[in-house]
Amino acid sequence: MITDLRSDTFTKPSAAMLQAMFTASVGDDVFGEDPTINQLEAMAADMFDMEAAVFCPSGTMTNQIAIKVHTQPGDEVICEKLSHVYIYEGGGIAFNSGCQVKAIEGNYGRLSADQVVEAINPQDIHKATTSLVSVENTANRGGGSCYEFTDLQSIKEVCLQNNLKLHLDGARLWNALVAKKETPRQHGELFDSISICLSKGLGTPVGSLLLGNNSFIKKARRVRKVFGGGMRQAGYLAAAGIYALENNIVCLNEDHAHAQQILIALQKKEFVGKIMPVETNIVIFEVLPPYTPKSFEAELAKFSILCMSISSTQVRMVTHLDISSEMISNLVSVIETM
Ligand SMILES: *Cc1c(COP(=O)(O)O)cnc(C)c1O
């Protein structure tokens with residue numbers, strides 16, 4: 001049995017989730033006729049108290065559609081320097097939307113309202129028009145850090161004052177909501193668009209949702225088609241999403257507890273340098289001699305434990321639905337012997 005901590009994308013659907021998928025009613029979603037997709041979209045919109053939602057193959061697509069709808073070519077997007085939309089989406093902001101980025105170094109991946117104010121270009125023909133702010137919650141490269149809700153409210157204020165749209169890359173928003181005991185509706189009220197992934201902590205094989213108001217989602221459906229993301233009988237996938245929203249959100253607390261156990265084990269080791277604050281299901285830490293990130297990875301692999309080096313100095317471990325308490329105990333004993 002492999003303990004795969006490389007990412008929370010490695011989960012396999014459970015028997016119950018597969019059962020829900022097998023028995024889904026389906027239709028052609030490009031024609032709006034897949035009842036299960038319609039149900040999932042309505043369910044998500046209701047959870048966030050937003051007007052509408054659209055089901056997409058990936059979180060990259062939901063983010064990129066949102067950026068495309070909110071901007072015009074030549075605009076500038078404000079985001080954090082290590083944000084997924086900027087460094088992990090293949091240059092999509094430039095490729096799909098013809099926009100440039102003002103990348104800001106935040107606090108463990110989080111922007112402050114003051115930083116956003118500072119980053120807005122003046123109305124000057126030399127400057128790109130700033131039109132969008134994109135924030136990530138939890139922030140992956142910030143070690144799964146969560147925003148304080150009041151900080152998001154301050155960023156929203158700045159956006160309103162400056163006529164900017166505000167997008168949330170909520171690939172792991174559920175982790176933040178569970179950790180901070182916040183509600184989807186609080187976030188639904190704040191953002192012009194929200195992307196959430198069903199294939200990370202919630203454990204579905206495929207799928208993300210983009211939420212917004214009716215006119216935004218109407219445009220998003222068109223862009224989804226242009227990007228090649230219009231799917232047909234994808235209700236089989238949406239059924240997994242419905243199952244996940246109904247059953248798997250509560251499991252995230254356990255993932256967070258497992259991450260804390262890993263943190264405690266690492267803190268005792270001399271070969272572990274700086275560990276980012278662990279707020280959710282991600283543990284990012286510096287590896288010191290005698291190990292390197294690569295050799296640490298190789299050492300754990302001998303015990304069928306997989307983790308991922310994410311820079312020349314750092315390793316990342318991510319807990320998820322398919323990581324059991326026994327696997328964590330085993331990992332902790334392995335770390336103790338190193
Ligand atoms: C995983 C992830 C996404 C979306 O990734 P896909 O693999 O395209 O679904 C977006 N943002 C963040 C922060 C992520 O971790």
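Leaving aside neighbours within four places in sequence, which residues is Asn140 in contact with? The tour returns to this residue after a view of the whole chain.

**The whole chain**

Begin with the entire protein chain displayed as a cartoon; the model is a predicted one. The secondary structure amounts to 14 helices and 13 strands. The radius of gyration is 20 Å, close to the 20 Å that the globule rule gives for 338 residues, so the chain is as compact as a globular protein of that length. Along its principal axes, the C-alpha trace spans about 55 × 55 × 35 Å. Of the 338 residues, 56% count as buried. Among contacts between residues at least 6 apart in sequence, 74% join residues at least 24 apart. With a surface displayed, the chain exposes about 14600 Å², of which carbon and sulfur atoms supply 52%.

**Asn140 and its surroundings**

Select Asn140, in the loop between strand S5 (130–136) and helix H7 (149–161). This residue is buried, its relative accessible area being 8%. To settle the opening question, display Tyr88, Arg172, Ile282, Ile284 and Arg316: these are the residues in contact with Asn140 once neighbours within four places in sequence are left aside.

**From Arg172 to Asp8**

Arg172 lies in the loop between strand S6 (165–170) and helix H8 (173–180), and Asp8 in the loop between strand S1 (3–4) and helix H1 (15–22), so the pair ties together parts that are 164 residues apart in sequence. Arg172 is buried, with a relative accessible area of 5%, and Asp8 is buried as well, at 0%.

**Two further salt bridges**

The structure holds twelve salt bridges. Among them is the one between Lys81 and Glu105, whose closest N and O atoms are 3.4 Å apart. Lys81 is in the loop between strand S3 (76–80) and H4, while Glu105 is in the loop between strand S4 (100–104) and helix H6 (113–119), so parts 24 residues apart in sequence are tied together by the pair. Lys81 counts as partly exposed at 35% relative accessibility, whereas Glu105 is exposed, with a relative accessible area of 54%.

Next, select Asp192 and Lys156, whose side chains meet in a salt bridge at 3.9 Å, N to O. Asp192 lies in the loop between helix H9 (184–190) and strand S7 (193–197), and Lys156 lies in helix H7, so this pair ties together parts that are 36 residues apart in sequence. Asp192 is partly exposed, with a relative accessible area of 22%, and Lys156 counts as buried at 13% relative accessibility.

**An open sheet**

Finally, display the open sheet of four strands, in the order S9-S10-S13-S12, with antiparallel pairing. Strand S9 (272–275) and strand S12 (308–309) stand at the edges with a single partner strand each, so one side of each is left without a neighbour in the sheet. Select S12 together with strand S13 (residues 314–318): the two pair in the antiparallel sense over two bridges. Zoom in on Ser309, whose bridge partner in S13 is Val315.

How values were computed:
Residues numbered from 1 in each chain as written. Predicted model: local features only at pLDDT ≥ 70, side-chain atom pairs only at ≥ 80, totals over all residues. Heavy atoms only, no water. Buried < 20%, exposed > 50% of the residue type's maximum accessible area, 1.4 Å probe, protein only. Contact = heavy atoms within 4.5 Å. Rg over C-alpha atoms; globule rule 2.2 N^0.38 Å. Areas by Shrake-Rupley, 256 points an atom, 1.4 Å probe, with all protein chains shown as cover. Pairing = 2+ DSSP bridges. Salt bridge = Lys/Arg side-chain N within 4 Å of Asp/Glu carboxyl O.
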